[in-house]
Amino acid sequence: MHDGQDCAVVHLGCAKRKAGGSHPHKVITCVRHILLATGFNQADRVVSPNGSFHQSRHNLLESVKYETLVDQIYEAGVVPEHWPQVFDRLAEMADAEGAMLFAVAPGAPRFISSAKIHERIDRWTKSPFAHRNPRSDRLIPPNEARFLTDLDKFTLEELENESFYTDILRPGGLGWCAGTSIRAPSGDTLVLSIEKAWANGPVPRAVADQLDMLRPHLARAAVLAGRLGFERARTAVATLEMIGLPAAAVTDAGRVVAANPGFLASAPAVGVGAQNQVQFSAAVVQQMFLEALAQPSSLARTGRSIPVAGTAASPPLIAHVLPLRLGGLDVFAGAVSILFLTPLTPQSSPAPEMLRALFDLTPAEARIASLLIDGNTLDTISKAHSVSLNTVRTQLKSVFLKTGVDRQVDLVSLLGQRQASL
């Protein structure tokens, strides 16, 4: 048996010895010592009339000015840069390292956190546990509108056998939490989690009960932030209409949040289909559009430009997809991108510099594309620039891939007026 003074240190040693074959009950015993050493005693907890546990020895909100904190929560709903300060206050209540709010949704995890734990949370979002882990499976029930702790849903033995705790959280100095889930206007589930150091013991049920007093305010502030995010998206779309650009704000799943009249008038090349989904008439363009939305990190760096072939009734277009910077509101409103359309005038071929910017072509690829559109053949391009015909053909294949076409005639039809002699 270890005395309570150094139990936390001894426990970590036991956890390491466990991997070498130490008997499991010794590790669990050490966990129980942490519970006792940090003041988490079952004897201190009493059952309230509604069946929940609370700690009656002191009011945990005494050290946090309740009304001031509520004001700060609503301020963060309007100014997302203030959320980390709110998280720090919530962490103080639980003697925790920090807190975070993240969106449970497809794609790259979106989160805001206390500065102190940001790097650790960022590492977690890049791990295999980002979208699925035992904590989220158990602590994010759809019908429990309260804060839950690890010990509300796990036994000590289960915690010792969960690699998410032993391999991800504890090596980063974390391991205990109190968390709750909130439904966002975007349809995503938001999870607010207060992260406590493993060595400091679990979050007492009494603290979770006190946090429940703040939960309605946190939920309303999250809804407010989501609505503001959508309003910013609508403003961006309306502004683009003023300068003559058809545009729509779309989620990472391609659902239209807002669209201006110019975009709605762009059918049949592109329109709004069932369930408010963006629908391009060409299947290859639709695929490229969805692929762009599915790669948010690449989209954030350079955006994406997608060629849309013209028809007898409409000129060719370039569909540009750019992430909308919401200053933190994307956690609440969902990942929102702006899709806007620019027509290609067929009087002359686009300059190589424009082709490079639009389609992420290399200088050589952009030169070949521009020369083809101006009527040059592959053989002429090869001789004029002292490049082998095989090299020119290889570069042309890369141009096809990036512009979504399969033939030279399609490339010329898409981007220029004259056709090359093939």
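Tutor: We start with the salt bridges, then move to helix faces, a helix pair and a few backbone details. Keep in mind that this is a predicted model.

The chain has 19 helices and 14 strands. Of its 422 residues, 50% are buried. Take the contacts with a separation of 6 or more: residues 24 or more positions apart account for 58% of them.

Now the charged pairs. How many salt bridges does the structure hold? There are eleven. One of them joins the side chains of glutamate 195 and arginine 135, with N to O at 3.0 Å. This pair links distant parts of the chain. Glutamate 195 sits in strand 7 (residues 189-196), and arginine 135 sits in helix 6 (residues 134-139). They are 60 residues apart. The cut-off behind both calls is under 20% relative accessible area.

A salt bridge connects arginine 205 with aspartate 152, and their closest N and O atoms are 2.5 Å apart. Arginine 205 belongs to helix 10 (residues 205-242) and aspartate 152 to helix 7 (residues 150-153), so the pair ties together parts that are 53 residues apart in sequence. Arginine 205 counts as buried, at 3% relative accessibility. Aspartate 152 is partly exposed, with a relative accessible area of 29%.

Arginine 205 has another partner. Its side chain also meets that of aspartate 212 in a salt bridge, at 3.7 Å from N to O. Aspartate 212 counts as partly exposed, at 23% relative accessibility. Shared partners join these salt bridges into one network made up of Asp152, Arg205, Asp209 and Asp212.

Next, the helix faces. In helix 5 (residues 118-125), the buried residues are Arg120, Ile121, Trp124 and Thr125. Seen down the helix axis, they fall within an arc of 140 degrees, so they line one face of helix 5. Glu119 and Arg123 are exposed on the other side of helix 5. What does the buried set of helix 5 pack against? Its partners are strand 3 (98-104), strand 4 (110-113) and helix 9 (163-169).

Helix 12 (residues 283-293) can be read in a similar way. Its buried residues are Val285, Gln286, Met288, Phe289, Ala292 and Leu293. They cover an arc of only 165 degrees around the axis, so they lie on the same side of helix 12.

Now a helix pair. Two packed helices are described by the angle between their axes and the distance between the axes. Helix 16 (residues 363-373) packs with helix 18 (residues 389-403) at an angle of about 85 degrees, and their axes are 9 Å apart. Helix 16 and helix 18 are therefore roughly perpendicular to each other. From helix 16, the contact uses Ala364, Glu365, Ile368, Ala369 and Leu372. From helix 18, it uses Val392, Gln395, Leu396, Ser398, Val399 and Lys402. By class, that contact has seven nonpolar, two polar and two charged residues.

Look at glutamate 365, which is in helix 16. It counts as buried, at 7% relative accessibility. Setting aside its neighbours within four places in sequence, glutamate 365 is in contact with Gln395, Ser398, Val399 and Lys402.

Last, the backbone. Most residues other than glycine have a negative phi, and most peptide bonds are trans. Alanine 267 and proline 268 are joined by a cis peptide bond, with omega about 10 degrees. Proline 268 lies in the loop between helix 11 (261-264) and strand 10 (270-272). Asparagine 276 is not a glycine, yet its phi is positive, about 60 degrees. Its place is in the loop between strand 10 and strand 11 (278-280). Asparagine 276 counts as partly exposed, at 43% relative accessibility. Serine 386 also has a positive phi, near 55 degrees. Serine 386 is in the loop between helix 17 (378-384) and helix 18. With a relative accessible area of 69%, serine 386 is exposed.

Definitions and conventions: Residues are numbered from 1 along each chain as its sequence is written. This is a predicted model: local features need pLDDT of at least 70, side-chain atom pairs count only at pLDDT 80 or more; totals for chains, interfaces and linings use all residues. Side-chain values use heavy atoms; hydrogens and water are left out. A salt bridge is a side-chain nitrogen of Lys or Arg within 4 Å of a carboxyl oxygen of Asp or Glu. Helices (H or I, at least four residues) and strands (E, at least two) are DSSP runs, numbered from the N terminus. Buried means under 20% relative accessible area, exposed over 50%, partly exposed in between (1.4 Å probe, protein chains only). The arc is that of the directions from the helix axis to the C-beta atoms. Contact means heavy atoms within 4.5 Å. Axes are lines fitted to C-alpha atoms, for helices over the stretch in contact, and angles run from 0 to 180 degrees between N-to-C directions. Angles under 35 degrees count as roughly parallel, over 145 as roughly antiparallel, 65 to 115 as roughly perpendicular and the rest as oblique. Ala, Val, Leu, Ile, Met, Phe, Trp, Tyr, Cys and Pro count as nonpolar, Asp, Glu, Lys and Arg as charged, and the others, Gly among them, as polar.
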